[in-house]
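Here is a guided look at the side-chain contacts in a protein chain. Take a moment with the sequence and the structure, and then we can walk through them together.

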Amino acid sequence: RCESLVEVYFQLQQQVMAASTELGAELLPRLLERLNEVLSSLVKSSFLVEKQPPQVLKTQTKFQASVRFLLGPQLLKAAPKPYMVRADMVTEKQARELELSNYSNTLSESTGEILHNTVALETNPTSGTCCANFKNVLLKKIKRCERKGSESVTEEKCAVLFSTNVTLTPSNISIHLQVLSLPIVVIVHGNQDNNAKATVLWDNAFSDIERVPFVVAERVPWEKMCDTLNLKFMAEVQTTKGLLKEHYFFLAQKIFNDHSASPEDFQNRHVSWAQFNKEILPGRGFTFWQWFDGVLDLTKRCLKSYWSDRLIMGFISKQYVCKLLSMQPDGTFLLRFSDSEIGGVTIAYVMWGKDGSSQVENIQPFSAKDLSIRSLGDRIRDLVQLRNLYPNTPKDQAFGSHYNSEWGGLG
């Protein structure tokens, strides 16, 4: 514990002072200086961000954050008034320079204007904590940096730097405390939110703990990407039912634009940031992440219970649907996420003609707006041509618990 280490420091200091005569005029100052360096290092490492600012931060929007000084209750007891903690925006370059200087440098210029950015560092006697709570902070504007190559504003990472100057008691040493938040992507419009989330997700999932801010790999193993997509899906939708092996296979075919490889072939591949959220999917107007995030949003808002009941196959290609349904009895259907639209779910079903031939039809995808007007369960109940959920569950048995009690069918 930090407190115990500080007690050891003061004991050592007392022992050094007690032995000052034996140590001599040359050795004593060096020992005391070294002890102060150790204390300073320990104190600086105990200044932490307790509540991180939002990692996608919109200008002109209020946000909250807090920092904690673990050693504050012990070392700031005799302070005549609370010390003030300041919050400033810093660029990736500034964050890197601070890190390389081991936070001995101070910030020369903030990269954005933050309102209400100074808060008292207060000790709570009841909880024994020393915190600065930023409850009403607002990023008024941001100065954009010079970007590299094709980098967009939503790939630009910055951070909030929290800093304060404290004087420790009883040693009377002044220390400049600084700590960086997690990387932040600043946006000015809601339509940038999706791409900003991609930058944050990639950084959080694939950066090393010990790194120069904010370096992250450009390519990562596909298996790691699968884990990330699965964790993101379960967290956003708030479900315990994650993605399955067949879902990963479909997603791999989509992101790599390869429909000839086997599931095993994809296991040793690496996926790039460009494939994730820079390159437009073939024949579409959006990237892989933009499409996947649309699925997340739709499922979270309208399909959580259906997904958790495993009623939605979801991640499956149109071609494979035809293969599954073409030999099934008339009216067999399944649910898949739309390939052509962001945030759509479609119903595919098989119908048999009098000539003995089968045809697989795909109903126009339903959006979140459609499903807020009439639920998916009720829409399935309305459609008389739908009989059994693939492979062979009667639709009323599969979806009955999702029907609304009043009947408002199409007749």
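This is a predicted model: local features need pLDDT of at least 70, side-chain atom pairs count only at pLDDT 80 or more; totals for chains, interfaces and linings use all residues.

## Aromatic pairs

The model has 25 aromatic pairs. One of them joins F276 and W289, whose ring centres are 5.6 Å apart with 40° between the planes. The pair is classed as tilted, because only planes under 30 degrees apart count as stacked and those over 60 as edge-to-face. F276 belongs to helix α9 (residues 273–277) and W289 to helix α10 (residues 288–308), so this contact ties together parts that are 13 residues apart in sequence.

W291 sits in helix α10, while F315 is in the loop between α10 and α11 (318–325), so parts 24 residues apart in sequence are tied together. Both W291 and F315 are buried.

## Charges over rings

## Salt bridges

How many salt bridges does the structure hold? There are 20. In one of them, the side chains of R68 and E50 meet with an N to O distance of 2.7 Å. This pair links distant parts of the chain, with R68 in strand β3 (residues 62–69) and E50 in strand β1 (residues 47–51), 18 residues apart. R68 is partly exposed at 26% relative accessibility, and E50 is partly exposed as well, at 42%.

E92 and R96 meet at 2.8 Å, N to O, and both lie in helix α4, four residues apart, or about one turn of the helix. E92 is buried, with a relative accessible area of 16%, whereas R96 counts as partly exposed at 28%. E97 forms a salt bridge with K93, their closest N and O atoms being 3.0 Å apart. These two also lie in helix α4 with a spacing of four residues, about one turn. E97 is partly exposed at 39%, while K93 is exposed at 56%. Elsewhere, salt bridges that share partners join R374, D378, R381 and D382 into one network.

## A nonpolar surface patch

Helix α4 spans residues 92–100 and includes L100. L100 is exposed, with a relative accessible area of 64%. Together with V212 and V215, L100 forms a nonpolar patch on the surface, and the three have about 270 Å² of accessible area together.

Which cysteines are worth a look here? C158 is buried at 5% relative accessibility, and C226 is buried at 7%. A disulfide is a covalent bond between the sulfur atoms of two cysteines. With a cut-off of 2.5 Å between cysteine sulfur atoms, the count of disulfides in this model comes to zero.

## A contact across the sequence

T154 lies in the loop between β7 (129–142) and β8 (158–167). Is this residue buried or exposed? At 7% relative accessibility, T154 counts as buried, because buried means under 20% relative accessible area. T154 and A196 are 42 residues apart in sequence, and their C-alpha atoms are 4.8 Å apart in space.

Terms used:
Residues are numbered from 1 along each chain as its sequence is written. Side-chain values use heavy atoms; hydrogens and water are left out. Patches are made of residues with over 30% relative accessible area and no salt bridge: like charges are joined within 9 Å, nonpolar side chains (Val, Leu, Ile, Met, Phe, Trp, Tyr) within 5 Å. Accessible areas come from the Shrake-Rupley method with a 1.4 Å probe; for residues, only the protein chains shown count as cover. A salt bridge is a side-chain nitrogen of Lys or Arg within 4 Å of a carboxyl oxygen of Asp or Glu. Buried means under 20% relative accessible area, exposed over 50%, partly exposed in between (1.4 Å probe, protein chains only). Rings of Phe, Tyr and Trp (its six-membered ring) pair if their centres lie within 6.5 Å; planes under 30 degrees apart count as stacked, over 60 as edge-to-face and the rest as tilted.
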